[in-house]
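This report goes through the model shown below, starting with one chain and moving on to the contacts between chains.

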Amino acid sequence: MIAYLIRRILYAFPVLVGVNLLTFALFFVVNTPDDMARMQLGMKRVTPEAIEKWKQQQGYDKPLMLNTQAAGMSKISDTVFFEKSVRMFAFDFGYANDGRNIAREIQTRMLPSLAIALPTFVVGLLLYITFALFMTLFRGTALDTLGVTLCVFLMSVSGLFYIIGGQFLAGKLWHWVPISGYVGGTDSIKFILLPVLIGVVGGIGASGRWYRTIFLEEISKDYVRTARAKGLSELRVLFGHVLKNAMIPILTGVVVVIPLLFMGSLLTESFFGIPGLGSYTIDAINAQDFGVVRAMVFLGSVLYIVGLVLTDISYTLVDPRVRLQ
Amino acid sequence: MMPVVLWTDAMIFLLLATILAGAWHIRKWPHLMLPWQRVATSSMGMVSLLILSLFMLVGLLDSLHYRIALPEKNNGQTVYSAEVVSAFDALASGLKSRTEKTYSAPMAAYLYAKENMDTLEGKILRDYPRLRFGGVHLSDVGRDWLGDVVQKAARGALAGLLLGVLLIAAIWILFLRQRGDHLPLSKVADNPRKALLITTLLLAAFFGAVSNLAASYHVLGTDKVGQDVLYLALKSIRTGLVIGTITTLVTLPFALLLGVAAGYFRGWVDDIIQYIYTVLSSIPSVLLIAAAVLMMQVTIEMHPEWFETSAARADVRLLSLCLILGLTSWTGLCRLLRGETLKLRELEYIQAAQAFGVSSPRIITQHIMPNVMHIVLIAMVMDFSGLVLAEAVLSYVGVGVDPSTMSFGTLINAARLEMGRDPIVWWTLAAAFGFMLVLVLAANLFADVVRDAFDPRLSHKN
């Protein structure tokens, strides 16, 4: 298993190099640093000096890939590519446009993101699976049809509607909880409640239907018939046998997203004013802060790859037949 | 009048031509017709298709763009207006031109905000002014309003119903009677024709009522600068459809060629293609889209000389958004097609073709592609609704369509801040979400029917 993990991590490197090259091409080759400087400083009446100064501040004044004027190793290291892209492998993301250290900012913003994303994930998962199991239990009846219809309807509603509608109902009409904002510590619970609730409700449609499909696929298999023939009740068949065997397809979809929970949700965080990584990303996009966007792209792909490795490990936990070699 | 073909218009008509050609091809082969016949016997499928095709009609009309010739001439040369309008604008010119000063509620006769007005006695009165167009024909709003609305709605509904009946009669005489299909409707209970008939009549009555009311009221109110919200929502349909369809059109060649090639050739081809899609799919899609759109914005801003009109610029931005969405979302379908091809290439008929010395390109185009088409089709219809919803989110994040392009996202974005007003301005949001819900729901239901009809794993009784 250790050997397998090492191999997986080594395999992750070429992928990260690919991500890195792609973002580098996107941010520095498609548009030259001069274009970006002009965009940042206002389109017209920008003096060449101002552009030079901006580029120097950002560290974009170096050659892109190969510095022909430098000697030795700094031929490669004294370039935009090395400074901005290669350094990301050491999680050194450089500085944002406002001069703050991006890596430190990410560290402090991870916690609020997680405080929203983790409860949403856990509560959602339990609720969706239970809901889907009950739809499976009543399959073919009016209750099942009602559930599926509800799911299709809920998944046809825009995610923005859940947020705007929920904020309006809970915050303005019923005065339950503050509409937006965040504080640390135990007080944060009242700020977390609404975003978590909305996040869970927003996912019912798509997830409930997806889990139902998985369970229905399992329930037509032979071992279910055997279990029923032994005289087990339908509830025990569902929760004891079907749920266990459906774990592999469930884990395939679920474990990948666990590391990505750190990244937070773009929409929820910006609507509720939560100082997490999601709102950080949105602010960076709106302010066209390319350094931050680049850092988030890299971080996101690292977390995704971690998620893939975790998925493989989780298979060995639920299915003794799976061995990682 | 000078016709203008924007890039997305060209793509839409290309898509339409492809669909028509595909339908013509399928008509000739019974085995290709079979799944579509299954779709045609489903009431749910046909009703949702009817609603979808109404949306498509609006979108198509809105894609016939032209520029009006101005009356004055420049040295004998005709000068054209800088504004690009569409056939839909010409049809809905009443809705487009009747603008108020600012917000007004749906069906209202008064403006949303109070204003200072001079009375006859020379005093200044602060009250809600009457609208310029909404309900101007009413002399006493308090007394006449309700009766007038009910009367107009009823008359419109009746007229619509009459037109609907005429339409159905015309279709029956033209197409159905010739087949010797004389079954009375009451006898074919489990037939989508009954559901279609009822839906058509209901829709006809509904549209009759709405269009009759829209002639003298703002049915969905007006927005901040006084534009009719119904018009804005109808204009948004085209953007949603473009994003939902053209994106999949972009996805298709990548997913199909790369997926089938990876599965068929295996070896190093497979390794390279797998590497490419692993890299692309390991970046969270919103971030990748955001990064690409940011860069595209810089490019467009840097080259204003590329575009003749602002409509052309907004259109190129819309097309680039489709390209970016397509380039970031082909990986899922590619993976599915690779897996299916891996399975197919081991089957006897492929091995027989290989043994006969049929060339690889020919095997791929003649033997493999036709047998993975059902996966492509299912993926296309399933993706559509997700893309329409994604557009709204992306526009909110700031990486969506051009702010001057009317879309559900820009509507929601503009209306979101108005929820804080008192009394709240809810109608723009309601209109955008309502239109989106109907479109996406119809698309989802249709996609389900298509998937069930094409999925070979499901056993079909008929």
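In chain B of this predicted model, 72% of the contacts between residues at least 6 apart in sequence join residues at least 24 apart. The chain has 462 residues, of which 37% count as buried. Its secondary structure consists of 16 helices and five strands. Taken along the principal axes, the box filled by the C-alpha atoms of chain B is roughly 100 × 65 × 55 Å.

Confidence comes next. The model scores ipTM 0.85 and pTM 0.89. For chain B the mean pLDDT is 85, and 96% of the residues reach 70 or more. Residues 185-189 of chain B have a pLDDT that stays under 50, and the model has six contacts beyond four places in sequence for them.

**Interface between the chains**

Contact between the chains involves 37 residues of chain B and 41 residues of chain A. On the chain B side, five helices each supply at least two residues: α9, α10, α14, α15 and α16. Their residue ranges are tabulated here.

| Helix of chain B | Residues |
|---|---|
| α9(B) | 267-282 |
| α10(B) | 285-302 |
| α14(B) | 360-397 |
| α15(B) | 408-416 |
| α16(B) | 427-454 |

The largest share of this side, twelve residues, comes from α10(B). By residue type, the side of chain B that touches chain A divides into 29 nonpolar, six polar and two charged residues.

**A covered helix in chain A**

How many of the ten residues of helix α15 of chain A are buried? Eight are, and the helix, which spans residues 277-286, is mostly covered. The buried residues are A:Leu277, A:Gly278, A:Ser279, A:Tyr280, A:Thr281, A:Ile282, A:Ala284 and A:Ile285. Both chains take part in covering them: what covers these residues includes α6, α14 (266-272) and α16 (290-318) of chain A, together with α10 and α14 of chain B. After α15(A) comes A:Gln288, whose phi is positive, near 50°.

**Helix packing in chain A**

Two packed helices are described by the angle between their axes and the distance between the axes. For α6 (residues 102-137) and α9 (residues 189-219) of chain A, the axes come within 6 Å and cross at roughly 40°. The crossing of α6(A) with α9(A) is right-handed. The residues of this contact divide into 20 nonpolar, seven polar and one charged.

**Sheet in chain B**

An open sheet of three strands in chain B has the order β1-β2-β3, with antiparallel pairing. Its edge strands, each pairing on one side only, are β1 (2-4) and β3 (77-86) of chain B. From one strand to the next the twist averages 35°. The pairing of β2 (residues 65-74) of chain B with β3(B) is antiparallel and runs over six bridges. B:Tyr66 stands opposite B:Val85 in β3(B).

A:Gly18 lies in helix α1 (residues 2-29) of chain A.

Note on methods
Residues numbered from 1 in each chain as written. Chains lettered and ligands numbered in written order. Predicted model: local features only at pLDDT ≥ 70, side-chain atom pairs only at ≥ 80, totals over all residues. Contact = placed C-beta atoms within 7 Å. Helix = DSSP H or I, 4+ residues; strand = E, 2+ residues; numbered from the N terminus. Nonpolar A, V, L, I, M, F, W, Y, C, P; charged D, E, K, R; others polar. Buried ≥ 20, exposed ≤ 12 C-beta atoms within 10 Å, placed from the backbone. Axes fitted to C-alpha atoms, helices over the stretch in contact; angles between N-to-C directions. Left-handed = near helix turned anticlockwise from the far one by under 90°. pLDDT = per-residue confidence, 0-100. Pairing = 2+ DSSP bridges.
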